[in-house]
Structures are given as C-alpha cells and as structure tokens.
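The points below can be read alongside the sequence and the coordinates.

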Amino acid sequence: MYDYIVVGGGTAGCVVAARLSEEAGARVLLIEAGGRRPLPAMATVSAWPSLSGSSADWGDQTVPLAATGIAISWPSGRALGGSTAINAMSFLRGHRSCYDAWAESGAPGWGFDDLLPMFMRTERTEGRDPRLRGTSGPLRIAPAMDRHPIAAAGLEAALEVGQSGADDVGSGVQEGFGPCDLNVVNGRRQSAADAYLAPVLHRPNLTLVSDAVVQRLLVVGDRCSGVVYRRGAATERAACAGEVVVAAGAIRSPDLLMRSGIGAQRHLIKHGIPVQLDLPGVGENLYDHPMCSLIYSSRQPVPAGTNNHGEVVGLVRSDPALTGPDLQLMFVDIPLRGDGVPGPAVGEGYAVMVSLMRPFSRGSIKLGSAAPGARPVIDPRYYADERDSEIIVRGLVVARRIGDAEALARWRESEVQPGRHVRDDHDLREYARRNLRSYHHYAGTCRLGEDEMAVVDTRLRIRGLGNVRVADASVMPSPVSANTAATVYAIAERAAGLLRSAATPRG
C-alpha cells in the first residue's frame with residue numbers, strides 16, 4: 001500500500017517522485033516502462049540523433065500524414081528521465097505570452113508569473129537576473145562552452161540582417177537571437193533522472209519499479225484504488241491509499257486513461273472497454289511543433305559538432321501585431337531534414353531550421369485496439385489549419401534572408417533545399433509540406449481547463465475522479481514558443497506542490 005503511485009519515470013515523474021519522497025512518512029512508488037541502466041550514447045551530447053529508434057525510444061509512428069502521404073517517426077523516451085534521456089538537451093522557457101494565454105483561456109493561476117517560481121526552482125544558473133532565474137535548483141543549465149562555428153556565424157548573420165539579439169533567450173521575457181541553454185554538465189547530458197531521481201533513490205520510502213508497463217488504473221466509482229502493471233511475464237497490482245499521478249507523457253497518458261475506461265464514451269465502447277468516466281477530451285487537442293529547414297552545402301568541411309548541434313536559436317514574430325513570438329529559428333551544424341529529402345552528407349552541409357511554435361492545427365491520440373501493448377493511433381494533422389503553412393512560409397523567408405547574409409559566406413556554397421528556383425509562397429508552402437519534420441514536442445492531450453473538453457482542472461485533478469492527477473506535457477492547453485522540457489519540469493514542480501499541500505496529515 002502506497003500513499004502515492006507515480007506512473008512514468010520520465011521528465012515529470014522523476015520530479016514528482018523526488019519531491020513527494022522528501023516527506024519521510026510518505027510511501028512513494030514510481031513505475032517506469034524503461035530500464036534503470038542508461039545507454040552509453042545518452043551521456044555523449046552530440047550523439048542524441050542515434051537514440052531515436054534505440055531501446056530507450058518507444059518507437060512510435062504517426063498515421064500517414066495528410067500533408068505528405070507518409071508516416072513519420074515520433075520518438076519519445078522509454079527510460080528513466082523519459083525524453084530528457086534522449087532529446088537534444090535544449091532548455092528554454094516559452095515566451096511569457098504563451099503561459100498568459102493559458103490563464104486567459106480557462107486556466108487561471110497558470111500564467112507566466114504564477115509559473116515563474118516553479119521555473120526558478122528547477123534550475124541553477126550563473127550570471128543571470130536573479131529575479132527571473134533560479135540559482136540553487138537541481139538542473140545546471142548554461143549555453144555551450146565552445147560554440148560551433150556554424151552557430152557563431154548564424155548568430156552574426158541574424159544580427160547583420162537586422163534581427164535583434166538576446167542575452168537570455170530562454171528566460172521567457174526576451175525575443176531575438178542568442179545562445180541556447182543546454183542540460184549539459186561537464187560535457188555530459190543531465191537528464192531528469194540524473195538531476196532529480198538518482199540523488200534520492202536511497203530513500204527508504206521511495207520504491208522504483210522499472211521495466212514495467214502500467215496497463216490500467218483500478219477505478220471504482222470516483223476513486224482509483226491502484227494500478228495494474230506488467231513486468232516481464234508477470235502481471236502485478238499496486239494499491240494506493242492516497243493519490244495516483246499519471247506522468248506518462250502526451251502519448252501514453254491519454255492511452256492509459258482510455259485503457260482504464262476514462263475517455264470519450266463512444267470510442268471506449270467501440271473497443272469494448274467498460275466506461276468508468278466519460279471524458280471526451282482525452283486524447284484530443286494534440287499538437288506538436290512542425291519543422292522545416294533550409295539546407296546548404298558547405299564550401300569547406302563542417303567540423304563535427306561536440307554539443308547538441310543547435311547552440312543558437314531565435315524567437316521571432318511572423319506578424320508584429322502578435323503578443324509574442326510564434327517562430328523559432330535554429331542554426332544546425334548537420335544538414336537536418338525530413339525523411340526522403342535529398343541533400344549533403346553530415347560534414348558537407350548545414351541547416352537553418354524553422355519551427356512553427358504556436359500552431360493552430362490539432363490532432364488526436366486514439367486507441368489502436370484494446371489489446372495490451374497495442375500501439376496508439378497518432379494523427380498530428382500538421383497544417384490542417386491553413387494559417388500554419390502561411391506562418392512557416394514567413395519563417396522560411398526570414399531564414400533565407402539570414403542564410404544569404406555575408407556572415408555565412410565562408411560556409412555557404414549553395415542552397416540545396418529548396419533551391420533558388422523555389423521563390424513564391426505557393427512553392428514554399430509545398431516545400432514546407434515535403435520537408436516536414438517533427439520537433440518531438442508532443443503536448444495537449446489531457447489539457448487543463450474548466451470547459452467540457454478539459455481533462456484536468458487547474459489543480460491537475462482528473463475531472464470526476466477524486467484522487468488521480470495528470471502531470472506532464474499532456475496538460476498544456478496550448479503550445480509554448482519553446483522546446484517543452486523546461487515547461488514540463490515546471491508543471492511537475494507545481495504538481496508536487498499541489499499534492500503535498502492536499503495531503504492528509506499523517507500521525
């Protein structure tokens with residue numbers, strides 16, 4: 001019998017389990033589908049692309065996309081630390097306007113100023129504004145020590161063409177171009193497991209069960225009494241006297257809820273799952289940051305990257321009238337592009353990446369079948385809203401202006417993709433669809449709010465269940481203009497605080 005069961009030892013789960021177990025009398029169980037032992041490549045900062053498709057990746061794929069007609073891979077972490085164990089280690093807050101949009105659209109108490117103490121609690125920075133940045137948190141964040149020459153030239157090029165500079169582009173209050181903070185310590189990746197979980201695994205009140213997939217929550221009426229999980233060939237149960245925290249991510253949190261009978265009634269009945277709670281928003285509101293890159297061949301060999309391949313980013317507005325930036329540009333020292341798009345080999349080219357950070361399009365996560373282990377059906381519906389393709393075209397225009405700047409002349413041989421013959425907006429839209437990549441920032445599928453499509457309330461409690469909360473990227477009601485890891489850490493810190501404040505005093 002546990003006081004808390006945390007489902008998922010990923011980014012959020014590591015934080016929640018570590019914080020809840022600070023109370024010596026609270027018995028905490030953390031269940032993770034991946035293994036305890038990190039892969040050797042996880043520590044090597046530049047090796048992150050090799051982790052997609054590894055044993056630390058769930059290995060999901062989308063349905064064939066309407067934009068391209070082909071399915072694309074959707075990697076996510078299946079390991080302690082979750083996606084922070086396999087991602088590119090960028091650590092950026094979204095612009096404050098993103099979080100204020102949450103508060104204004106039905107999630108009061110979730111604006112930027114509300115979340116700022118949580119952001120600060122996660123991080124340890126040096127030489128930053130102490131009113132905005134943390135100085136004593138578990139995560140040691142800083143820009144790359146030795147900036148790659150492509151990143152350095154890209155930053156110079158952006159400033160050359162009139163873009164503004166930013167000395168702390170990840171703070172949440174700045175726009176423009178500047179160095180990106182990274183979760184790298186002494187030249188090695190720092191995941192959520194490294195920062196939060198490993199230092200506290202000795203606690204006698206914290207139990208970790210790894211290599212175990214939670215199959216369903218045990219729901220009776222408006223309460224959850226525990227979970228059923230499978231470990232190897234054995235099916236086991238864990239009982240919970242307090243609260244269950246679902247922190248399995250934007251793909252597997254809604255999948256688990258639906259398998260537990262929590263979701264849209266019609267969809268559950270279709271798969272023969274008894275309905276425990278009719279919540280039509282489960283699995284809906286899926287969004288991601290679609291990416292498209294300009295690919296250049298290089299005049300000279302591009303040095304191998306020793307950092308994360310993307311050390312400088314820019315936040316820009318596609319329209320000056322917007323309340324905040326909706327595009328991110330990044331200078332990438334490898335010619336990163338969509339599957340099947342031709343271009344130079346690594347070492348012979350580079351990319352200027354454009355990502356749509358506040359997309360209008362929404363997709364869904366559905367059950368593939370009720371069979372244990374069945375893959376979810378993932379349909380991100382990229383560019384379903386035509387505004388998205390119009391915005392990313394504006395980003396490509398900005399990126400091309402920067403890519404043509406004199407500061408990049410000693411590297412630039414030619415624009416390989418899309419090529420100089422592609423000039424008008426129609427052709428650029430078609431190129432954006434053809435050279436489509438996911439930024440792997442999946443979110444929104446158990447969104448917080450107060451309307452009938454919201455899955456959790458503003459205290460992260462599942463609407464209609466007394467002791468189950470969701471704490472991961474799935475609760476984010478709308479996109480943030482940044483890589484999602486920093487926001488997930490803050491959500492998890494907020495969740496832990498909410499859980500501890502609601503706990504019944506123990507005698």
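1. In this note, buried means under 20% relative accessible area, exposed means over 50%, and partly exposed lies in between, with a 1.4 Å probe and protein chains only. By that rule alanine 26 is buried, because its relative accessible area is 0%. Alanine 26 sits in the loop between H1 and strand E2 (28-31), where helices (H or I, at least four residues) and strands (E, at least two) are DSSP runs numbered from the N terminus. Although alanine 26 and asparagine 205 are 179 residues apart in sequence, their C-alpha atoms are 6.5 Å apart in space.

2. The model is predicted, so local features need pLDDT of at least 70 and side-chain atom pairs count only at pLDDT 80 or more, while totals for chains, interfaces and linings use all residues. Residues are numbered from 1 along each chain as its sequence is written, and side-chain values use heavy atoms, with hydrogens and water left out.

3. Cysteine 98 belongs to helix H3 (residues 96-104) and is buried, with a relative accessible area of 0%. Its contacts (heavy atoms within 4.5 Å), leaving aside neighbours within four places in sequence, are Arg358, Pro479, Val480 and Ser481. Of these, proline 479 is 381 residues away from cysteine 98 in sequence, yet the C-alpha to C-alpha distance is 7.0 Å.

4. Serine 355, in strand E19 (residues 349-356), is likewise buried, with a relative accessible area of 1%. Apart from residues up to four places away in sequence, serine 355 touches His289, Pro290, Met291, Asp326, Leu327, Gln328 and Tyr439. A polar atom of the serine 355 side chain lies 3.4 Å from the backbone oxygen of proline 290.

5. The largest nonpolar core has 136 residues, and Leu217, Val227, Val244 and Leu257 have the most contacts inside it; such a core is a set of buried Ala, Val, Leu, Ile, Met, Phe, Trp, Tyr and Cys residues joined through side-chain atoms within 4.5 Å. Helix H11 (residues 485-502) gives the largest share of this core, nine residues. A second, separate core of 19 residues includes Leu92, Ile295, Val313 and Met357. In soluble globular proteins, nonpolar side chains tend to be buried together.

6. Helix H1 (residues 11-20) packs against H11 at an angle of about 35°, with the axes 8 Å apart; axes are lines fitted to C-alpha atoms, for helices over the stretch in contact, and angles run from 0 to 180 degrees between N-to-C directions. Among the residues making this contact are Val15 and Val16 of H1 and Ala492 and Leu499 of H11.

7. Some backbone details deserve a check by eye. Most residues other than glycine have a negative phi, and most peptide bonds are trans. Glutamine 417 and proline 418, however, are joined by a cis peptide bond, with omega about 0°, and proline 418 is in the loop between strand E22 (412-417) and helix H10 (425-434). Tyrosine 383 has a positive phi near 60°; tyrosine 383 lies in the loop between strand E21 (377-379) and H9, and is buried at a relative accessible area of 4%. Leucine 460 has a positive phi near 70°, is placed in the loop between strand E23 (437-438) and strand E24 (468-470), and is buried at 0% relative accessible area.

Note on methods. Polar contact = N/O pair within 3.5 Å; in protein donor to acceptor, adjacent residues only side chain to side chain.
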